[in-house]
Amino acid sequence: DIKTEEITVAAGSSLKRDFSVESEHQIVWAFESITMSDVEFSVTFTPLATGKSPVIVVPPTKCQNQDDSFTATESGTLTVEWSNKFSWFNSKTLRLRVANLNKQGFDHATK
């Protein structure tokens, strides 16, 4: 199953979603701006192992849509973030789709 939701990033703020991912699993995401406006998007992966630093998967990039995936080599948390801090007046509404896949294909939708 693919989890789909509409999210709103208020003017001057940011929004994060964390997804638990196990080793050898893949997180697939796609989002699009319903308001046809740019938002700054980034993705980081933080391994569960203590002492390991977060890894930048997608550096902060202004865009209206993006689809990509990440396959974990170890268990951890994938954090996706949308920033609208550069906009003082306009919120951004996005449609987000996310799936967590294991090596055999679909495992379960990630919350």
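Visitor: Which residue in β8 is the bridge partner of Thr 4?
Guide: In this predicted model, the partner of Thr 4 in β8 is Arg 97. Strands here are DSSP E runs of at least two residues, numbered from the N terminus, and two strands pair if DSSP finds at least two bridges between them.

Visitor: What should I know about numbering and cut-offs?
Guide: Residues are numbered from 1 along each chain as its sequence is written. Because the model is predicted, local features need pLDDT of at least 70 and side-chain atom pairs count only at pLDDT 80 or more, while totals for chains, interfaces and linings use all residues, and side-chain values use heavy atoms, leaving out hydrogens and water.

Visitor: Back to β8, then: which way does β1 pair with it, parallel or antiparallel?
Guide: Strand β1 (residues 3-9) pairs with β8 in the antiparallel sense, over 7 bridges. Strand β3 (residues 26-33) is also antiparallel to β8, with 8 bridges, and there Phe 31 has Leu 96 as its bridge partner.

Visitor: How many residues of β8 are buried?
Guide: Of the 11 residues in β8 (92-102), 8 are buried, where buried means under 20% relative accessible area, exposed over 50% and partly exposed in between, using a 1.4 Å probe and protein chains only.

Visitor: What does Arg 95 meet in a salt bridge?
Guide: The side chain of Arg 95 meets that of Glu 32 at 3.0 Å, N to O, a salt bridge being a side-chain nitrogen of Lys or Arg within 4 Å of a carboxyl oxygen of Asp or Glu. Since Glu 32 lies in β3 and Arg 95 in β8, the pair ties together parts that are 63 residues apart in sequence. Glu 32 also forms a salt bridge with Arg 97, at 3.9 Å, and a network of salt bridges links Glu 6, Glu 32, Arg 95 and Arg 97.

Visitor: Changing topic, what is the strand order in the open sheet?
Guide: The open sheet of 4 strands runs β2-β7-β4-β5 with antiparallel pairing, and its edge strands, β2 (14-21) and β5 (55-63), each pair on one side only. Between β4 (residues 39-47) and β5 there are 6 bridges, and Glu 40 has Lys 62 in β5 as its bridge partner.

Visitor: Where does pLDDT stay under 50?
Guide: That happens over residues 104-111, pLDDT being the predictor's confidence in each residue, from 0 to 100. Where pLDDT is low, the predicted coordinates should not be read in detail. For the protein chain, the mean pLDDT is 89, and 91% of its residues reach 70 or more.

Key: Contact = heavy atoms within 4.5 Å.
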